[in-house]
Amino acid sequence: MDKSKITGILRNVKKEDVLKVGEILIRYNIKDFEVTYNTKDSLEIVKMLKKEFPDARIGMGTILTVEELKKAEESGAEFILTPSVNEEVLRYSGKNNIDLITGVFSPSEVALALRYGFNYLKLFPAIDLPDSYINNLMGPFDKVEFMAVGGVEKDNITDFFKAGFKSVGMGSSLIKKSYLESKDWEKLEKHVKEIAEIIETV
């Protein structure tokens, strides 16, 4: 899959708000969306986003089992993210040529993902790691590229790219819950614009 520098994670965004959120993200060139499986109406939301924004890439995250993965496929999700390593999910995805970004945290998990042919991986939770951790991982795993998820904020985005990450995933730090609850689209758009401008510089 093509690698965007940022993926917007839509977790617990209500169905009635999701198209407005998508419109704002796309306006600032954030076109990779991850709808989390455990969001209410997540499968329907994927279908809605795909229909409304054909130029965006709509994926589904927080996938824990093959059964969930199959439902995500049926909804039309174009890529899959997991918070952790599940060998059955790796096996199924490899066999069926699915764009999978599996969550890893340790060298053993990276090696397992590589065994099934996946070398673009989600390091999660990234905020809990020292800056040197990814560099140490990239020593023996020099063909692997990492997405940082977990703790990425507007004020520390550049730190992750300087550390060696190829991309970041942002959820509530991008799509602020307070703005959603108040439906303050003007403030949300200003916040998204500021983050998009930072991403353009890295």
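1. Two strands pair if DSSP finds at least two bridges between them. Helices (H or I, at least four residues) and strands (E, at least two) are DSSP runs, numbered from the N terminus. In strand E9, Met-170 is the bridge partner of Gly-8.

2. A word on the source. This is a predicted model: local features need pLDDT of at least 70, side-chain atom pairs count only at pLDDT 80 or more, and totals for chains, interfaces and linings use all residues. Residues are numbered from 1 along each chain as its sequence is written, and side-chain values use heavy atoms, with hydrogens and water left out.

3. Strand E1 (residues 6-10) has parallel partners. Strand E9 (residues 167-170) is joined to E1 by 3 bridges and runs parallel to it. Strand E2 (residues 32-36) also runs parallel to E1, again with 3 bridges. There, Phe-33 of E2 stands opposite Gly-8. From E1 the chain crosses through helix H1 (residues 18-27) to E2, in a right-handed β-α-β crossover. Right-handed means that, with the strands pointing away from the viewer, the path from the first strand over the helix to the second runs clockwise.

4. E1 is mostly covered, with 5 of its 5 residues buried. Buried means under 20% relative accessible area, exposed over 50%, partly exposed in between (1.4 Å probe, protein chains only). Ile-6, Gly-8 and Leu-10 are buried on one side of E1, Thr-7 and Ile-9 on the other.

5. Aromatic pairs number 3 in the structure. Rings of Phe, Tyr and Trp (its six-membered ring) pair if their centres lie within 6.5 Å; planes under 30 degrees apart count as stacked, over 60 as edge-to-face and the rest as tilted. Phe-33 and Phe-53 are edge-to-face, because their ring centres are 6.5 Å apart and their planes stand at 80°. Phe-33 lies in E2 and Phe-53 in the loop between helix H2 (42-52) and strand E3 (57-61), so this pair ties together parts 20 residues apart in sequence. Both Phe-33 and Phe-53 are buried.

6. Phe-160 and Phe-165 are also edge-to-face, because their centres are 5.8 Å apart and their planes at 65°. Phe-160 is buried, at 8% relative accessibility. Phe-165 is buried too, at 7%.

7. Helix H5 (residues 107-115) buries Val-110, Leu-112 and Ala-113. These buried residues fall within an arc of 160° seen down the axis, so they line one face of H5. The arc is that of the directions from the helix axis to the C-beta atoms. Ser-108 and Arg-115 are exposed on the other side of H5. Just after H5, Gly-117 takes a positive phi of about 90°.
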